[in-house]
Amino acid sequence: MVNNDEDHYLMLSGIQHFQFCKRQWALIHIEQQWEENVRTIEGQYLHRNADQPFTREKRGEKLVVRSMSVKSHELKFTGICDVVEFIQDSRGFNIHGRDGKYIAYPVEYKRGKPKKNDSDILQLAAQALCLEEMLMCDIDTGYMYYQEIKHRVEVPLTKDIKQKVRAVAAEMQEYYVRRHTPTVKTGSFCKSCSLQSICLPVLMNKRTVKSYIEGRIRE
């Protein structure tokens, strides 16, 4: 029997944390730890323009929807797309209350520049999979807007990328069900982590944050 209890769906945005560091993701999404740094504050500032609760604007043959809530029963993800652009196209699908057919393009905003890993792309592809499931359509292209380079980058959303999203989502669900927080694996990426002081990479080789804090309380 498939469990579609949405109260236990994971945050779609967590896929980026998971790709950056599985321990960081577990600290945030399983142990409910969080600490802000300059990067997270700048990221929140950048999203202010996009995060206007479900607003729409029509620009010619383009319909722009901001802060669109999405979910996928397949991935067991729920989240919000910064922007979804619907472009009129005869190959597309119908939108209730709108004339003509449309093709959907998710647009994600990031504070930095394109990353060497695929974490941004996987997050965008996860949004596309949610939209495909909700709208019963195919989405093969999305866009990333990077504040540092002030440029929009077109991202092909291939079958291979979408399959990787499914595999990562399954792994995240497995961690979450087991309530598993990985042990520390330090690297240069630790320096830019917003949870550096919470993770305690020198001390926490085997202990969870919860057990460490409980130990300090007992002391």
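Rings of Phe, Tyr and Trp (its six-membered ring) pair if their centres lie within 6.5 Å; planes under 30 degrees apart count as stacked, over 60 as edge-to-face and the rest as tilted. By this rule there are five aromatic pairs. The table gives two of them.

| Ring pair | Centres apart | Angle of planes | Kind |
|---|---|---|---|
| F18 and W25 | 5.2 Å | 85 degrees | edge-to-face |
| F86 and F93 | 6.3 Å | 85 degrees | edge-to-face |

This is a predicted model, where local features need pLDDT of at least 70, side-chain atom pairs count only at pLDDT 80 or more, and totals for chains, interfaces and linings use all residues. Residues are numbered from 1 along each chain as its sequence is written, and side-chain values use heavy atoms, with hydrogens and water left out.

Both F18 and W25 are buried (under 20% relative accessible area, with exposed over 50% and partly exposed in between; 1.4 Å probe, protein chains only). F86 and F93 are buried too. F18 and W25 also form one aromatic cluster with Y175.

Two rings carry a charge over the face (NZ of Lys or CZ of Arg within 6 Å of the ring centre and within 35 degrees of the ring normal). R152 lies over Y143, 4.9 Å from the ring centre. The charged end of R179 sits over Y176, at 4.6 Å from the centre.

Now the whole chain. Of the 219 residues, 45% are buried.

Next, the cores. A nonpolar core is a set of buried Ala, Val, Leu, Ile, Met, Phe, Trp, Tyr and Cys residues joined through side-chain atoms within 4.5 Å. The largest has 41 residues, and I15, W25, F77, F86, V165 and M172 touch the most other members. Helix α4 gives the most to this core, with eight residues. A second, separate core of seven residues includes Y105, V107, Y109 and Y143.

F77 has contacts (heavy atoms within 4.5 Å) beyond its neighbours within four places in sequence. Among them are Y9, I15, V70, C130 and M172.

Last, V155. It is in strand β7 (residues 151-156). V155 is buried, with a relative accessible area of 7%. Leaving aside neighbours within four places in sequence, V155 is in contact with I121, L124, D140, T141, G142 and M144. V155 and T141 are 14 residues apart in sequence and 5.7 Å apart in space, C-alpha to C-alpha.

Conventions:
Helices (H or I, at least four residues) and strands (E, at least two) are DSSP runs, numbered from the N terminus.
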